[in-house]
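Open your viewer, switch to a cartoon view and colour by chain. We will take a short walk through the model together, one selection at a time.

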Amino acid sequence: MHEFDIMHGVIRLLQQAAQENNIKNIAKVQLVVGKFAGVLPDALQMAFSIYKNTLSSLMGNAVLEITECDIICRCTNCSNTFSVRNSIFVCPCCNSTSNTIISGRELYLHYFEGE
Amino acid sequence: MKKIELITDLLDANDVLAQQNYNLFNKYQITVLNLMGTPGAGKTSILEKTINILKKDLNIGIIEGDLYTTKDAQRIDALGVRVIQINTNGACHLDAGMIAKACINMPLADLDLLIIENVGNLVCPAEFFLGEHYKVMVLSVTEGNDKPWKYPLMFRESTAILLNKIDLLPYTDFDSNQFESDIKQLNPAAQVFPISANSGIGFEGWCRWIQEIIKKQN
């Protein structure tokens with residue numbers, strides 16, 4: 001829902017890091033987005049393409065790659081780790097509903113490539 | 001081709017400010033709740049009743065969050081507690097920066113309890129840490145019992161879930177058993193408080209919970 005705000009932050013980070021590393025053209029940007037982060041990859045792509053057009057010399061050829069992380073929980077009862085589907089936070093081993101999320105809330109800029 | 005690894009959290013700007021808020025609240029030993037829920041669920045009405053019960057024992061401050069108007073702050077002001085209204089002018093949630101700014105005018109040294117009433121919204125507020133100790137959400141029986149699976153992040157993030165307008169249960173098709181079972185699967189640690197801000201049912205348990213978490217913190 002706040003993908004434009006988030007992308008604005010990404011672009012600022014990229015501009016700064018590109019300048020620090022003497023990169024004039026960015027070829028690829030990699031984001032990691034957890035499936036429980038409340039952020040839509042398609043909306044991020046749309047925001048990226050709009051920002052790209054405003055910074056064509058630095059970003060004109062850039063491709064945005066998004067890695068999505070599954071929701072993974074650790075059961076606090078039996079220590080089993082399991083994937084969560086359809087928001088069912090129940091351990092498939094012991095049926096306990098007591099667990100902590102260990103993956104799925106990520107939202108970070110991993111790396112970018114350019115020259 | 002150069003590869004530059006950044007691994008930079010994209011909510012960092014908010015989270016850094018939220019952590020600063022959190023540290024400030026701890027410094028002044030204030031317990032902070034982030035109160036969320038749909039528009040019309042009864043957040044402000046619940047706050048009014050809660051304040052009237054607790055204000056003789058606790059120094060309470062309120063931060064109100066709405067897109068526009070000071071209507072809610074005016075209601076709280078009438079109860080004689082310190083309140084600040086944040087108008088987001090279109091943003092659908094409060095963020096840590098807004099809270100930091102509001103706290104400049106809050107008498108933090110005097111407060112035991114600060115409740116932030118977030119913008120009415122079952123989606124975005126759950127995503128933004130404000131520096132609170134607990135997220136509490138309000139759902140009213142008139143909204144239907146199917147909401148937990150539709151808005152899993154909000155229900156999962158909340159330590160307490162206030163099920164409001166419980167006096168209207170006979171006039172709705174809200175399935176309490178199904179709701180309880182769904183919450184047990186989605187967030188088994190959450191405490192559900194069936195209440196009515198209209199009739200006052202359930203406020204004893206809810207206010208006792210607040211007093212216990214304050215005691216635990218101090």
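Two strands count as paired here if DSSP finds at least two bridges between them. Keep that rule in mind for the first stop, and remember throughout that you are looking at a predicted model.

**Stop 1: two strands in chain B.** Select residues 31-37 of chain B, which form strand β2, and then residues 113-117 of chain B, which form strand β5. These strands run parallel and are joined by five bridges. To see one place where they face each other, click on Thr31(B): Leu113(B) in β5(B) stands opposite.

**Stop 2: the whole sheet.** Now show the other strands around this pair. How many strands does this open sheet of chain B have, and in which order? There are seven, with parallel pairing, in the order β4-β3-β5-β2-β6-β7-β8. Select β4 (82-87) and β8 (191-194) of chain B to find the edges. Each has a single partner strand, so one side of each has no neighbour in the sheet. Neighbouring strands are turned against each other by 20 degrees on average, direction ignored.

**Stop 3: helices on the sheet.** Select residues 96-103 of chain B, helix α4, which packs on the sheet and touches β3 (60-66), β4 and β5 of chain B. The direction of α4(B) makes about 140 degrees with that of β4(B). Next pick α7(B), which lies across β6 (134-140), β7 (160-164) and β8 of chain B. The angle between α7(B) and β7(B) is about 165 degrees.

**Stop 4: where the chains meet.** Bring chain A into view. Here 26 residues of chain B are in contact with 35 residues of chain A.

Stop 5: Zoom in on Lys2(B) in β1(B), with Gly114(A) opposite.

**Stop 6: polar links.** Between the chains, 12 residue pairs are in polar contact. β1(B) gives the most residues to the side of chain B that touches chain A, namely eight. Finally, show the side chains of Glu157(B) and Arg105(A): they meet in a salt bridge at 3.0 Å, N to O.

Key
Residues are numbered from 1 along each chain as its sequence is written. Chains are lettered from A and ligands numbered from 1 in the order in which they are written. This is a predicted model: local features need pLDDT of at least 70, side-chain atom pairs count only at pLDDT 80 or more; totals for chains, interfaces and linings use all residues. Side-chain values use heavy atoms; hydrogens and water are left out. Contact means heavy atoms within 4.5 Å. A salt bridge is a side-chain nitrogen of Lys or Arg within 4 Å of a carboxyl oxygen of Asp or Glu. A polar contact is a pair of N or O atoms within 3.5 Å; within protein, one must be able to donate a hydrogen and the other to accept it, and residues adjacent in sequence count only if both atoms are side-chain atoms. Helices (H or I, at least four residues) and strands (E, at least two) are DSSP runs, numbered from the N terminus. Axes are lines fitted to C-alpha atoms, for helices over the stretch in contact, and angles run from 0 to 180 degrees between N-to-C directions.
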